[in-house]
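Please read them with the structure open.

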Protein chains: 2
Amino acid sequence: MLWGMEKVLICGGAGFIGANLARRLLAEGCAVTVLDDFYTGRRSNLDGLDVEVLDRDVREPIPGAYDWIFSLACPASPPHYQRDPLFTLTTSIDGIRRVLELAERCGARVLHASTSEVYGDPLVHPQPETYWGHVNTLGIRSCYDEGKRAAEVFALERRRARGTDVRLVRIFNTYGPFMDPKDGRVVSNFILQALRGEPITLYGDGGQTRSFQFVDDLVAGFLAYMRADKAALEAFFAPKGYAIPVLNMGNPGEFTVRQLAEEVLRQIPESKSELVLRPLPGDDPKRRKPDVAWAKACLGWEPRIPLRDGLAKTIAYFRTLA
Amino acid sequence: MLWGMEKVLICGGAGFIGANLARRLLAEGCAVTVLDDFYTGRRSNLDGLDVEVLDRDVREPIPGAYDWIFSLACPASPPHYQRDPLFTLTTSIDGIRRVLELAERCGARVLHASTSEVYGDPLVHPQPETYWGHVNTLGIRSCYDEGKRAAEVFALERRRARGTDVRLVRIFNTYGPFMDPKDGRVVSNFILQALRGEPITLYGDGGQTRSFQFVDDLVAGFLAYMRADKAALEAFFAPKGYAIPVLNMGNPGEFTVRQLAEEVLRQIPESKSELVLRPLPGDDPKRRKPDVAWAKACLGWEPRIPLRDGLAKTIAYFRTLA
């Protein structure tokens, strides 16, 4: 098949990453179907797009036949995934099972969105794919972290048992247009606070670092990963002892939350916002930084868009909402 | 209700621990139902017992009404749980969900068997309940370890959302009568090898340590835990930041695998077996030792049976099989 002719399903396609991915796939010429229950996904993210929409819960059997499936359906920000922890946990665990069943029925290739949260509050820095993580099983984030870890195991074991062509990507902190203004993530919070002239809230002393990946970089990584030959991936991963491909995707550039706030204010010079400090919430990871050497070696992929450029595009998007 | 009058369901009651628990509960006067699919449980473990048997898969909805449910159904030894990793994973994850549904329908109290394997290959020694663990998500043991971790999260979140009276116990290495001779665990392996005069296989240099808990100690802990008042448990755990009770049960006495082999040979003086060394399998945890301070403080429980006494009873059981 020629690239750009694929029939693609994006589970969670009305969410932030899905909406960006859908635009890129449409631009490449793919036929795109979006499955979303609009629990956190937003219909407005699909405005004007020539996509088929399945308004469904990913935990139910999925109809149809596709070449590629992007498995992105799960609440992903703490206020969203903590609102109904059982929903989050079952969406992760039952969602991947329904996706794998569909893939096995129609022979699709699957890219499953895992997360840097499988590393928890890491004791190793930066985090390579080989790091086993440091996750509190009984904490307030465990519905997400452990649900995502269990989903990785389902993918691993279905691939081992049935040869299902499923690939894992552990997504680090990503930002860009179509982020939900209400999802409580640091980039959207800061931009909105700055645009509204409200105080910009830093948790702790603002010295905790984050990697900030612009969404276009991630989407480029998704395409490179999906286009990689199954046998080539196996040749890369099998000697490392992995029975499933797993790649970090994130930007290793390290910024403190305070630096982010300052750059946002620099790009919104009319803002009257000031920085204020608040206590850290429970189990908040202090440091996260991806090691992306495997993605570079395997796919030739690495993030290219500097924070200031990505922020400019994101601020432009949020200005259109105002 | 008077102790000993409870109507009790033991999921996985034909397994090693379940068979010992059933005997103790019957001796206390309880009415006992055993649910087992006999995947690893053995019908002979129930010989002569006045129990109702439900030959069912724990992943399916469970009929009936009980006061207490012991949730023990899962393959628990590496050769068993690695035989069909997807079966293991779904038995853990769907099993706890069916148990919780039943408990919520009939108002039962649940004791769910978690495992020291949630600590993985620990970097902290001994392991308290507060240790977050060190588990390889994509290794050959992850179907068990991550399935058990996810099951803990289901229990936590169902308790938080619905008040379900479920308690977690993390069981460390346990031995005793009714162990499956074929399950590949070190105690049964050594006893069988010694009785048959075969070489006793040590993996690595035999210097890795294990805690060996005699099953009567564990069963005594189960009863103390189930008899504990819900409010009293909450008063113990809530100030620690835990929304669900979780207790280690194991014997902190630390022995090397080599010491175990030597004690077995001492108690089987007629044996002609010799010790032989084999390479360590992948992801084999090197050290495990429970911190049982919480169980002692909360329940007044601690293990009482020394290794030599427990081994004597276990060897006597295996002699009856020969």
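1. Start in the loop of chain A between β2 (31–36) and β3 (52–55), where A:F38 sits. This is a predicted model. A:F38 is not a glycine, yet its phi is positive, at about 60°. Most residues other than glycine have a negative phi. Is A:F38 buried or exposed? A:F38 is buried: its relative accessible area is 16%, and the cut-off for buried is under 20%.

2. B:F178 is a residue other than glycine with a positive phi, near 75°. Look for B:F178 in the loop between β7 (174–175) and α5 (186–196) of chain B. B:F178 also counts as buried, at 15% relative accessibility.

3. Now check the peptide bonds. Most peptide bonds are trans. The bond from A:H125 to A:P126 is cis, and its omega is near -5°. A:P126 belongs to the loop between β5 (109–115) and α4 (142–162) of chain A.

4. Which residues of chain B does a cis peptide bond join? They are B:H125 and B:P126, with omega about -10°. B:P126 is in the loop of chain B that runs between β5 (109–115) and α4 (142–162).

5. Last, the relation of the chains. Chain B is superposed on chain A by a rotation of 180°, with 0.0 Å of shift along the axis and an RMSD of 0.0 Å. That is how a two-fold axis relates copies. Both copies use the same surface: 100% of the contact residues of chain B recur in chain A.

Note on methods
Residues are numbered from 1 along each chain as its sequence is written. Chains are lettered from A and ligands numbered from 1 in the order in which they are written. This is a predicted model: local features need pLDDT of at least 70, side-chain atom pairs count only at pLDDT 80 or more; totals for chains, interfaces and linings use all residues. Side-chain values use heavy atoms; hydrogens and water are left out. Copies are superposed by least squares on the C-alpha atoms of residues with pLDDT of at least 70 in both. Contact means heavy atoms within 4.5 Å. Helices (H or I, at least four residues) and strands (E, at least two) are DSSP runs, numbered from the N terminus. Buried means under 20% relative accessible area, exposed over 50%, partly exposed in between (1.4 Å probe, protein chains only).
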